[in-house]
Structure formats: structure tokens, C-alpha cells
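Please examine the sequence and the three-dimensional structure shown below. The report then describes selected parts of it.

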Amino acid sequence: MATCFGAITMTIRTANKQPIKHNFIAGEWRPSAEYMENINPSDTNDVIARYAIASSNDVQDAVSAAATAMPVWSNSTSGERFEILDAIGSEIIQRQHELGDLLAREEGKTLKEAVAEAHRAGSLFKFFAAEVYRSETEGYRSLRPGISLEVRREPIGVVAAITPWNFPLAIPAWKIAPALAYGNTVVFKPAELVSGSAWALAEIISRAGLPEGVFNLVMGQGTEVGAALVEHADVAGVTFTGSTAVGRKIGATTFARGGKMQLEMGGQNPLIVLDDADLESAVEFAINGSFYSTGQRCTASSRLIVTEGIHDAFVAAMLHRMQGLRIGDARNPDTEIGPVVSEAQLNNNLDYLRTAKIEGARLLTGGEELKRPTPGWYLSPALFTHATREMQICREEVFGPIASVISVSNYDEALLVANDSDFGLSAGIVSNDRKIIDHFTTNVQAGMVQINLPTAGMDFHAPFTGRKNSSYGPPEKGSHCREFFTNSKVVHANYGERLKPKKEGS
């Protein structure tokens with residue numbers, strides 16, 4: 001058995017020394033009939049551990065435990081919630097290098113990015129710890145004399161948090177922390193590719209002092225475990241981050257049974273580079289947005305929309321910069337681009353590369369499977385030119401280290417191309433023209449706008465939200481997420497003299 005900070009945790013080892021990790025249900029680490037191996041994408045010979053696959057009965061028990069715990073947790077004091085959430089955040093930050101190393105090992109994000117994500121996850125818990133002290137009641141002046149009017153905020157109930165593999169600490173944190181802060185109970189279902197980070201986070205939460213059943217972890221395939229959660233009548237709300245196709249299915253199922261939903265889905269994000277842009281800065285923004293995190297971000301810069309006057313210089317500078325990118329094991333401190341997360345994702349990227357060539361895009365560099373000292377799913381970052389907005393690679397979310405340059409004549413055409421998308425998550429512009437920047441900010445069809453910055457990279461205390469097929473429901477993060485995690489109750493009251501009983505004979 002392993003120990004952590006003096007507390008016994010449910011980790012056992014098999015004969016071949018692979019750790020086995022269980023689900024956490026109703027305050028206990030529960031063994032499962034089936035387990036899945038977690039593979040390091042930087043070294044496919046490295047099995048991190050074996051993680052439990054929850055059954056339908058496990059999901060039922062987790063939801064029942066969460067529902068049973070609701071009356072206790074929803075009536076807890078602000079002080080109690082603060083202490084628990086703040087303690088979780090403090091331990092995550094204290095262990096950020098350990099957690100970051102695990103994240104890099106199982107997901108392929110570079111060590112620097114992974115440690116930063118772990119720190120962000122801890123900060124998110126601390127932010128929502130502070131949020132519990134905000135007033136849950138708003139007072140208004142009634143239109144009628146003698147009537148008081150207030151709006152109360154109450155927790156919605158059991159929340160299913162279904163999270164993706166690309167940010168396995170930060171995204172769970174910005175779903176679980178507010179759910180708990182506003183008095184809800186949680187059943188957490190992570191992506192199976194990153195069960196290690198999810199389990200480590202759950203283990204920290206399990207020791208923070210929450211009442212039994214307030215937080216539960218069920219691991220496994222989304223088609224089974226996730227579906228069972230979404231369909232459960234006692235799940236009051238589903239907060240999901242993932243693909244648009246899956247999000248639509250979850251939304252339809254949740255709506256049909258009257259649940260609340262918060263859906264963050266795909267992106268096909270434009271970065272406009274105008275003639276007056278600082279070339280060196282524009283290239284760095286594009287490199288960051290398109291290729292960091294191996295391009296596996298919903299806010300990645302998939303479309304680089306460049307005006308004619310700077311196009312050739314921009315492309316040349318991009319090529320020069322890309323030649324120096326260091327691609328390798330995610331845990332090597334010198335690595336700038338890690339591997340693709342899985343073989344399936346790598347094959348998906350290769351399919352997009354082949355289709356782009358068939359449709360007429362010109363591959364200038366990259367797009368090749370790479371050999372490294374250890375076997376892994378390595379792909380060199382790819383840059384296409386002669387791309388058009390009709391091409392599949394410019395319409396669909398690729399989710400890999402692939403960027404396409406679309407040449408346009410001027411800003412007006414650039415904005416038109418940027419808005420010609422089924423998605424509307426993040427959009428960026430590189431320019432020094434304040435008038436154009438103001439016009440872009442107002443008229444671009446995106447939930448988040450970046451001015452002279454990469455399209456990826458958002459502050460954790462601000463809302464995270466998109467338009468079109470990128471988002472549905474209240475935004476994530478920041479105090480705005482209260483719209484999802486709470487229900488409003490409007491109270492009109494008459495405490496006036498006329499309510500007093502009349503005296504006899506009066």
C-alpha cells in the first residue's frame with residue numbers, strides 16, 4: 001500500500017509491479033472487475049498504472065451517494081467550504097512538480113506546460129474557495145410598496161463532471177471546484193487516456209474533509225460510464241468538455257430529462273495577421289497557438305489568416321522558426337513539442353494531412369512521424385499554405401500540431417474568412433491599428449478575443465465561453481459559472497402592518 005502525506009491511499013501492485021488504482025465511491029476506494037492500462041505516449045513501453053473501469057452499478061452507487069450527501073453539503077457553512085477547497089488548492093500547488101511530471105508522462109504535454117497546469121488547477125480551487133464568501137442573495141427594490149424582493153442562489157444538486165484528456169488537471173478543477181463551492185455534490189468522469197491525473201486529483205480531494213459521498217470518481221469509457229451518468233435521472237446537471245458531436249448527444253439526452261447542461265466543445269480558431277503586424281511577434285503567437293501542447297487545445301490557432309503584404313515574409317519566418325522546434329519526450333526539460341496523446345489521435349492527424357494534400361493545400365514542412373530514442377507517437381508540426389476556407393482542414397477541428405495559412409487581400413476579407421466557420425471559440429488579431437482592432441473585437445464571431453496574443457491562453461478567473469457550435473449553456477470559470485451551478489429562487493414578501501390580525505371590535 002502507498003502512502004501520501006501520511007494518509008493511506010488505495011493503491012496496490014500486481015506481480016509485475018504495475019500499480020492498480022480504484023474508483024472512489026461513497027467515501028471508499030472501490031475495486032473493479034476490470035482495469036485498463038495507462039500508456040506513456042513518449043514511451044509506449046512505459047505502463048504508468050492500471051485504472052479501474054466503472055460498471056453501471058458503480059455509476060448508480062456514485063450518483064446515489066452524491067444524492068444522499070446533498071442535504072448535508074448544501075447546508076454546510078461558507079467557512080467549511082472555504083477550508084476544504086483552500087486545502088485542496090494548497091496541496092495541489094505544493095505538489096505541482098510531482099503532478100506535472102505525471103501529467104507530462106501520461107498525456108504528452110511538455111513538463112513546463114504540465115507543471116504550469118498543475119499550478120493553475122490549485123489556483124482554481126483557491127479562487128473558488130474565496131468565491132464561497134460572496135453573497136448568495138441579491139436584494140432588489142420591488143415595484144410594489146411594502147413588498148420586499150430578493151433573489152436567492154441555491155445549488156442544483158448532483159453534478160456530473162465529464163472532462164477531456166488535453167487538460168487533465170485544469171479542466172476538472174474548473175468544474176469540480178465551483179460545483180463544490182456552490183454546495184453541489186459531484187460525480188467525476190475523466191477521459192480514460194488521463195486516468196492518472198484524474199486519480200491523483202481525486203486522491204487529494206478524498207482527504208480534504210468532505211462528507212462521504214460529496215465527491216465521487218468513476219473511470220472508464222465515455223460510451224458506457226459517461227452515458228450512464230448523463231442518462232441518470234438524479235443527475236441535476238452535466239458539465240462537459242469535449243467534441244461537438246459528443247456534446248450534442250449529451251445535450252439532447254440531458255434536455256430530454258430536464259437536466260441543466262454546460263457544454264464546451266470544439267474550435268477552429270483564426271489568427272489574423274495584418275500587414276502592419278510586428279513580424280517576429282506574429283510568428284511567436286502563431287507558433288504558440290498552433291503547436292504548443294502539440295496543437296491539442298480547443299483554442300489552438302488552426303487558421304492563420306494573413307494579408308498579402310506580409311504573407312511571404314510571415315511564411316518564411318514561420319518556416320525558419322519551425323526548423324528549430326525541439327520535439328521529443330515530454331518529460332525532457334528541453335522538449336518544446338511533445339508526442340500526440342495516442343495512436344488513434346496520431347492516425348486522425350495523419351488522415352487530415354492526407355486530405356489537405358488531396359484538396360490542394362501545399363505542405364511546406366512537417367507532418368512526418370518521427371523516431372526518437374523511445375517508441376512514441378511523435379509527429380513533426382505541419383504548416384500548409386494555399387489553404388482555402390472550404391477545405392476540411394479549415395472547417396473541422398483537427399486537434400493536432402497542424403496549421404494552415406490562408407492568404408487574403410485585406411482586413412475586410414480576413415474578418416469574413418475568420419467568421420466563416422461553424423465554430424466561434426477564440427479568435428486573435430495581430431495589428432497596431434487601433435481602429436481595426438476595435439472593429440475586430442466588436443464584429444468577430446467568437447466568445448473570446450485575443451489582441452496581439454496567441455489564441456490559446458486564458459486567465460482562470462475570467463469566463464471561458466464560445467459561440468456557435470463551440471459552446472452551449474452558461475460559461476465556465478470565473479464567477480459567471482454560477483449561472484450553471486446554481487438555480488435562482490425569487491422571493492417576494494409582504495411583512496407590512498396589514499398582515500397583523502385585527503383586534504375584536506375594531
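## Basis of the description

This is a predicted model, in which local features need pLDDT of at least 70 and side-chain atom pairs count only at pLDDT 80 or more, while totals for chains, interfaces and linings use all residues. Residues are numbered from 1 along each chain as its sequence is written, and side-chain values use heavy atoms, with hydrogens and water left out.

Helices (H or I, at least four residues) and strands (E, at least two) are DSSP runs, numbered from the N terminus.

## Helix H7 and its cover

Helix H7 spans residues 222–231, and its buried residues (under 20% relative accessible area, 1.4 Å probe, protein chains only) are Val-225, Gly-226, Leu-229 and Val-230. These residues lie on the same side of H7, because they cover an arc of only 130° around the axis; the arc is that of the directions from the helix axis to the C-beta atoms. An α-helix has 3.6 residues a turn, so residues three or four places apart point the same way. On the face turned away from the buried side, H7 carries Thr-223, Glu-224 and Glu-231, which are exposed (over 50% relative accessible area).

The cover over the buried residues of H7 includes helices H1 (56–74) and H8 (244–256), together with strands S11 (158–162), S12 (185–189) and S14 (235–241). Within H8 lies Thr-254, which is buried, with a relative accessible area of 0%. Apart from neighbours within four places in sequence, Thr-254 is in contact (heavy atoms within 4.5 Å) with Val-230, Val-238, Gly-259, Lys-260 and Met-261.

## Helices H4 and H5

Helix H4 (residues 111–131) packs against helix H5 (residues 170–181) at an angle of about 10°, with the axes 9 Å apart. Axes are lines fitted to C-alpha atoms, for helices over the stretch in contact, and angles run from 0 to 180 degrees between N-to-C directions. H4 and H5 are therefore roughly parallel (angles under 35 degrees).

Among the residues making this contact are Leu-124, Phe-125 and Phe-128 of H4, and Trp-174 and Ile-176 of H5. By class, the contact has 11 nonpolar (Ala, Val, Leu, Ile, Met, Phe, Trp, Tyr, Cys and Pro), two charged (Asp, Glu, Lys and Arg) and no polar residues (the others, Gly among them).

## The seven-stranded sheet

Seven strands form an open sheet with mixed pairing, in the order S18-S21-S22-S17-S16-S24-S25. Two strands pair if DSSP finds at least two bridges between them. Strands S18 (362–365) and S25 (448–451) stand at the edges, each with a single partner strand, so one side of each has no neighbour in the sheet.

Key
Parallel < 35°, antiparallel > 145°, perpendicular 65-115°, else oblique.
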